Amino acid sequence: MSYPESAPARRPAVVLLATAVLLVMAVAALAYTVVDLAVLGRTVDAFRSAARGTSASPRQIDDVVTLLRVSAVLSAVVAAFSAILLPGLALGLLAGRRGVRVATWVVCGLGLLAGCCSVAVLIGERAAPLRLGDGERATAELLGLIADAYPSWWIPVNAGLSVAQGLGYLVVAALLALPAASTWFGRHRPSAPTVSSAPPGFPPAPYQPQPPYPPR
């Protein structure tokens with residue numbers, strides 16, 4: 001006897017909203033990667049031009065320029081990785097994979113921590129500039145020129161993106177913890193495979209009554 005297949009459950013709105021937020025964050029991460037690398041050359045040129053009026057040696061200037069380039073490239077790599085990872089998580093959530101839901105919570109926690117650290121560093125640089133000894137006055141002068149070397153809009157936009165990133169991860173994690181999402185992922189729990197008593201393609205053997213035991 002054959003039974004009709006049950007209709008697939010519709011994805012709840014909270015899951016769709018969580019995946020939409022992840023996709024928007026992926027697009028923002030990709031845009032950040034492009035802009036970060038685009039402003040790097042201009043930032044380095046502006047820094048070198050301003051550093052000529054300091055007491056720093058050419059080697060010290062080159063060291064800070066290397067620091068600028070390495071930090072920009074690392075930020076671009078992390079953003080590009082996020083632009084690849086987040087759509088993959090969104091597809092796994094749409095498919096109802098419970099492991100992807102847990103992985104998304106882990107990524108949200110790490111992303112929220114990274115966003116908070118970025119905002120804290122930006123606020124700390126503005127509120128308490130780095131102070132070095134008299135023997136490192138040239139290095140202090142160079143580090144003080146880094147913020148001014150970036151375009152005037154770059155640091156506010158960077159801070160805004162960090163805050164938006166943290167809020168986005170927090171929203172996604174909260175949406176996936178709602179009861180509707182738990183019900184959706186619970187329906188996709190893998191079931192145990194059934195074991196057939198007869199080889200495929202053959203009907204089960206008919207019942208054979210056992211003869212009575214002979215009297216002793």
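View 1. Leu-85 has a relative accessible area of 28%, so it counts as partly exposed, since buried would take a value under 20% and exposed one over 50%. The residue is found in helix 2. Look across to Ala-26: the two C-alpha atoms are separated by 8.0 Å, although Leu-85 and Ala-26 are 59 residues apart along the chain. As with every view here, keep in mind that this is a predicted model.

**View 2. The whole chain, for orientation.** What is this fold built from, helices or strands? The chain has 6 helices and 0 strands, which reads along the sequence as α-α-α-α-α-α. There are 216 residues in the chain, and 30% of them are buried. If you take the contacts with a separation of 6 or more, 84% are between residues 24 or more positions apart.

**View 3. Phe-47 and its contacts.** Skip the neighbours within four places in sequence, and Phe-47 is still in contact with Ile-61, Val-64, Val-65, Leu-68, Leu-142, Leu-145, Ile-146 and Ala-149.

**View 4. Thr-104, a buried threonine in helix 3.** Thr-104 sits in helix 3, which covers residues 98-127. Why does Thr-104 count as buried? Because its relative accessibility is 1%, and the cut-off for buried is under 20%. Leaving out neighbours within four places in sequence, its contacts are Leu-22, Leu-89, Leu-93, Val-172 and Leu-176.

**View 5. A nonpolar patch on the surface.** Here Leu-30, Val-34, Val-35, Trp-153, Val-157 and Leu-161 form a patch with about 490 Å² of accessible area together. Helix 1 and helix 5 are the elements that give two or more residues to the patch, and the largest share, 3 residues, is from helix 1. Zoom in on Val-35, which lies in helix 1. With a relative accessible area of 31%, Val-35 is partly exposed.

**View 6. The salt bridge between Arg-48 and Asp-62.** How many salt bridges does the count come to? The tally is 1 salt bridge, formed by Arg-48 with Asp-62, whose closest N and O atoms are 3.0 Å apart. The pair links distant parts of the chain, with Arg-48 in helix 1 and Asp-62 in helix 2, 14 residues apart. As for cover, Arg-48 is partly exposed at a relative accessible area of 28%. Asp-62 is partly exposed too, at 35%.

How values were computed
Residues numbered from 1 in each chain as written. Predicted model: local features only at pLDDT ≥ 70, side-chain atom pairs only at ≥ 80, totals over all residues. Heavy atoms only, no water. Contact = heavy atoms within 4.5 Å. Helix = DSSP H or I, 4+ residues; strand = E, 2+ residues; numbered from the N terminus. Buried < 20%, exposed > 50% of the residue type's maximum accessible area, 1.4 Å probe, protein only. Patch = residues over 30% accessible without salt bridge, like charges linked within 9 Å, V, L, I, M, F, W, Y side chains within 5 Å. Areas by Shrake-Rupley, 256 points an atom, 1.4 Å probe, with all protein chains shown as cover. Salt bridge = Lys/Arg side-chain N within 4 Å of Asp/Glu carboxyl O.
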